[in-house]
Amino acid sequence: MIEAKKVFEEFQKHRENAIVSVQGTSGKHWRDITTNQNRDIMLGGAMGQSTAAIFGLALGLKNEKVVHFDSEGALLMNLGVIASIAGKQPKNFVHFVLDNGCYATTGGQPVPNSENIDYAQMAAGAGYSKTYNFDDLEDLSTSMEEIMSVEGPVFVAVKVNAEVENLPIGMRKRTPTRSRAETITDLRKELGIK
Ligand SMILES: Cc1ncc(C[n+]2csc(CCOP(=O)(O)OP(=O)(O)O)c2C)c(N)n1
Ligand SMILES: [Mg+2]
């Protein structure tokens, strides 16, 4: 089991210029760690759909490394996306799944078969070119450079701690995020797209 925040700290050391998108409760840590918000994309909302959107971005921006930090509940909601990704073989796409074993955002209900399911094996079966499984920080840290340099699509399943939210949604502290329009404008500017 790895602290979700530590995954992002390790990743940051090798991010370079990658475009990064995050999901779920674990993804919230990225806000405090990123040093280039212009290349960050926060897509909340419908579970599983941000994976498809970011995959589309990777297809369109073949010269940019695109990294998506998924959550396992969201991935399961749209599992067919792994076949679509593997079918297109985007060399520039790295797909992390931060697996906390539950639906932490909505109170920590268990995800089916979370103890035994092997997401990396599912991705390998779908046809990702390289897959990893981690539940130890040191192992992840040792492999991060390779993960970020190997030809994609890469799939990285990481067992992380659950940070369960129990307050009713209306009572939760809201952290300001950039709007979708700002995100698009900033990324276009970053990439020199008119
Ligand atoms: C299609 C869909 N169904 C239900 C929800 C309500 N919902 C928001 S977050 C969440 C749990 C997410 O679990 P996971 O993807 O594992 O991320 P975690 O909260 O554990 O970080 C649910 C059920 C939603 N946003 N979209
Ligand atoms: Mg989860």
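Biologist: Let me start with one residue: is leucine 98 buried or exposed?

Modeller: First, a word on the model. It is predicted, so local features need pLDDT of at least 70 and side-chain atom pairs count only at pLDDT 80 or more, while totals for chains, interfaces and linings use all residues. Residues are numbered from 1 along each chain as its sequence is written, and chains are lettered from A and ligands numbered from 1 in the order in which they are written. Now the general idea: a residue is buried if 20 or more other C-beta atoms lie within 10 Å of its own, exposed if 12 or fewer, and partly exposed in between, with C-beta atoms placed from the backbone. Leucine 98 has 25 other C-beta atoms within 10 Å, so it is buried.

Biologist: Which element holds leucine 98?

Modeller: Elements are DSSP runs, numbered from the N terminus: helices are H or I with at least four residues, strands are E with at least two. Leucine 98 sits in strand β4. Of the 7 residues of β4, 7 are buried. Phe93, His95, Val97 and Asp99 are buried on one side of the strand, and Val94, Phe96 and Leu98 on the other.

Biologist: Which residues does leucine 98 touch?

Modeller: A contact means that two C-beta atoms, placed from the backbone, lie within 7 Å. Leaving aside neighbours within four places in sequence, leucine 98 is in contact with Ala4, Val7, Gly24, Ser26, Phe69, Ser71, Val158 and Val160. Take serine 26: 72 residues separate it from leucine 98 along the chain, yet their C-alpha atoms are 7.1 Å apart.

Biologist: How do I read the sheet, and what is the order of its strands?

Modeller: Start from pairing: two strands pair if DSSP finds at least two bridges between them. Here 6 strands form an open sheet with parallel pairing, in the order β2-β1-β3-β4-β8-β7. β2 and β7 (130-134) are at the edges with a single partner strand each, so each has one side without a neighbour in the sheet. On average, neighbouring strands are turned by 15° against each other, direction ignored.

Biologist: How many bridges join β3 to β4?

Modeller: There are 6 bridges between β3 and β4, which run parallel. Phenylalanine 69 has phenylalanine 96 in β4 as its bridge partner. β4 also pairs with β8 over 6 bridges, again in the parallel sense, and leucine 98 stands opposite valine 158 in β8. Further along, 5 bridges join β7 to β8 (residues 154-159), with threonine 131 opposite phenylalanine 155.

Biologist: What about the helices? Why would buried residues fall on one side?

Modeller: An α-helix has 3.6 residues a turn, so residues three or four places apart point the same way. In helix α1 (residues 4-12), the buried ones are Ala4, Val7, Phe8 and Phe11. Their arc, taken from the directions from the helix axis to the C-beta atoms, is within 95°, so they line one face of α1. They pack against α2 (24-27), α3 (30-33), β4, α8 (137-149) and β8.

Biologist: Which residues of α4 are buried?

Modeller: Ser50, Thr51, Ile54, Phe55 and Ala58. They cover an arc of only 140° around the axis, which puts them on the same side of α4. What covers them includes β1 (19-22), β2 (40-42), β3 (66-71), α5 (72-77), α6 (81-88) and β4 (93-99). For angles, axes are lines fitted to C-alpha atoms, for helices over the stretch in contact, and values run from 0 to 180 degrees between N-to-C directions. α4 lies across β1, β2, β3 and β4, at about 170° to β3. Helix α7 (residues 119-126) lies across β4, β7 and β8, at about 175° to β7.
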